[in-house]
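Please read these notes beside the model. They cover a metal site and some charged side-chain contacts.

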Amino acid sequence: MIIDGHNDLVLARWRGEEPRHVDLAAAADADFAGGFFALYVPSTDTGLPGAPPYDVALPRPVPYDEAAPVAEELFETLCALPVRRAASADDFAAGEVTAIVHMEGAEPIAPDLSNLERWHERGLRSIGLVWSRPNAFAEGVPFRFPASPDTGPGLTDAGRALVTACNELGILIDLSHLNERGFWDVAEVSRAPLVATHSNAHALCPSTRNLTDAQLDAIGASHGIVGVNFAVSFLREDGEYLPEETGIDEIVRHVDYIAQRIGIDHVGLGSDFDGAGVPHELDGVKGLPKLVDALRERYDDEALAKITHENWLRVLRATWH
Ligand code: ZN
């Protein structure tokens with residue numbers, strides 16, 4: 001059974017696009033049991049990373065009034081998918097697809113948090129404080145390569161209050177896309193295991209979207225998890241976007257590094273399917289068995305179960321209540 005840290009199927013469906021990666025009809029054969037389904041209110045002024053080195057400017061903030069109605073549409077889109085929505089870790093089952101309702105960027109949450117409980121009641125179980133832009137709570141990393149994730153200011157007072165409120169409600173806080181100061185602020189305030197749903201090792205690929213060794217160590221020490229991102233640009237040492245030439249071995253390289261650095265209990269998968277270009281060799285959900293086969297060459301059954309789903313379930317159980 002595979003539980004995955006991030007996909008953007010909802011965005012593709014909301015845009016009326018045919019998803020490239022998340023083929024729900026192929027899920028059962030691929031042993032894909034779902035995972036985090038992002039509600040992401042897109043920026044319209046995002047620059048695209050070119051050939052490295054690159055430095056993409058942060059998009060303008062998306063105000064709450066603009067984000068909230070889009071998030072409603074995204075949530076309706078998710079609810080229309082033929083998937084179960086997770087209320088507890090026990091909802092995951094082999095042969096079924098279960099969606100964790102995840103907000104990627106907290107713009108649809110009112111800065112006074114007045115609608116947070118309502119979202120939780122409707123099934124929201126995970127919030128990434130930011131996408132790669134500033135908002136009322138924190139600031140995301142701009143896409144830069146090669147560069148440190150220490151790119152700007154940390155959490156605002158509203159951001160700290162949001163972390164505390166999420167702890168109280170049992171909503172998971174996702175650190176992917178957050179800048180390094182924000183990361184350390186969450187580490188200080190939060191009582192939950194630290195989670196980066198879709199990020200890689202900065203030591204292997206020095207993108208702002210990846211985690212430094214110190215960040216990895218903090219995640220391990222908190223009994224948290226890193227979901228390894230399949231995005232070619234966040235895997236390769238040279239930062240090039242070459243999906244044809246990039247193999248599954250690059251994903252395995254990051255799994256190995258994180259497992260060696262912080263332990264096998266703290267690494268999982270975080271595909272970024274339908275949100276990023278992944279190795280063509282993998283080509284979406286239907287290619288997942290190829291990745292599992294590659295991991296099986298290096299890990300025994302017990303370790304493989306941790307990477308594919310048990311670590312995610314442990315962190316969900318520790319975080320949700
Ligand atoms: Zn993302």
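**Notes on charged pairs and the metal site**

1. Asp91 is buried at a relative accessible area of 16%, where buried means under 20% relative accessible area, exposed over 50%, and partly exposed in between (1.4 Å probe, protein chains only). The side chain of Asp91 meets that of Arg84 in a salt bridge, with N to O at 3.7 Å. A salt bridge here is a side-chain nitrogen of Lys or Arg within 4 Å of a carboxyl oxygen of Asp or Glu.

2. On the basis of the numbers: this is a predicted model, in which local features need pLDDT of at least 70 and side-chain atom pairs count only at pLDDT 80 or more, while totals for chains, interfaces and linings use all residues. Residues are numbered from 1 along each chain as its sequence is written, and side-chain values use heavy atoms, with hydrogens and water left out.

3. Arg84 counts as partly exposed, at 35% relative accessibility. Arg84 also forms a salt bridge with Glu96, and the closest N and O atoms are 2.8 Å apart. This pair links distant parts of the chain: Arg84 lies in strand S4 (residues 84-85) and Glu96 in the loop between S4 and S5, 12 residues apart. Helices (H or I, at least four residues) and strands (E, at least two) are DSSP runs, numbered from the N terminus. Glu96 is partly exposed, with a relative accessible area of 33%. Salt bridges with shared partners join Arg84, Asp91 and Glu96 into one network.

4. A further salt bridge is formed by the side chains of Arg60 and Glu66, at 2.9 Å from N to O. Arg60 is partly exposed at 39% relative accessibility, and Glu66 is partly exposed at 38%. By the rule given above, the count comes to 19 salt bridges.

5. Which residues coordinate the zinc ion? They are Glu104 (OE), His177 (NE2) and His198 (NE2), at 2.1 to 2.2 Å. Donors are N, O and S atoms within 2.8 Å of the metal (3.2 Å for Na, K and Ca); water is not among the atoms, so sites may look incomplete.

6. Along the chain, the zinc donors follow the spacing E-x72-H-x20-H. Glu104, in strand S5 (residues 98-104), and His198, in the loop between strand S9 (195-196) and helix H7 (213-221), link distant parts of the chain, 94 residues apart. Both Glu104 and His198 are buried.
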